[in-house]
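Here is my note on the model you sent. Please read it with the structure open.

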Amino acid sequence: GFHGDPMYSGAHHNVQNSRYWSKLYQKSQLEGSGSREDYWVDFYESHTQKIREFAMKHLSLTYIEVELENPRMAEILEGYTKVK
């Protein structure tokens with residue numbers, strides 16, 4: 001697992017993730033929106049939140065979040081990482 005964290009170890013993590021994403025999909029079908037775009041927006045937002053939560057549980061990681069559409073994205077990332 002990730003630094004010995006049972007939450008992120010092998011099979012348990014895969015089963016937990018499968019259930020999470022399956023419930024998200026089922027919820028999208030029950031709400032009747034039926035829109036593929038709505039589903040993928042929800043998927044993206046949920047996945048982003050899970051990544052944020054993972055980073056907060058593992059403070060030894062450096063988490064950087066920059067919008068892809070930001071015209072200064074490369075400059076911002078370079079500032080944080082020092083990679084040109």
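Predicted model: local features only at pLDDT ≥ 70, side-chain atom pairs only at ≥ 80, totals over all residues.

The points below go from the overall fold to one helix and its aromatic rings.

1. The protein has three helices and zero strands. Along the sequence the pattern reads α-α-α.

2. Burial and surface. The protein has 84 residues, and 13% of them count as buried. Its accessible surface is about 7,100 Å². Carbon and sulfur atoms hold 56% of that area.

3. Helix H2. This helix covers residues 36-57, 22 residues in total. From first C-alpha to last, H2 reaches 31 Å. That is close to the 32 Å expected at 1.5 Å a residue. Its buried residues are Tyr39, Ser46, Thr48 and Ala55.

4. The aromatic pair. How many aromatic pairs does a search of the whole structure find? The search returns one. The ring centres of Trp40 and Phe43 are 5.1 Å apart, with the planes at 70°. Planes over 60 degrees apart count as edge-to-face, so the Trp40 and Phe43 pair is edge-to-face. Both residues belong to helix H2. They sit three residues apart, about one turn of the helix.

5. Are Trp40 and Phe43 buried, exposed or partly exposed? Trp40 has 45% relative accessibility, so Trp40 counts as partly exposed. Phe43 has a relative accessible area of 25%, so Phe43 is partly exposed too.

Definitions and conventions
Residues numbered from 1 in each chain as written. Heavy atoms only, no water. Helix = DSSP H or I, 4+ residues; strand = E, 2+ residues; numbered from the N terminus. Buried < 20%, exposed > 50% of the residue type's maximum accessible area, 1.4 Å probe, protein only. Areas by Shrake-Rupley, 256 points an atom, 1.4 Å probe, with all protein chains shown as cover. Expected span 1.5 Å × (residues − 1). Phe/Tyr/Trp six-rings, centres within 6.5 Å; stacked < 30°, edge-to-face > 60°.
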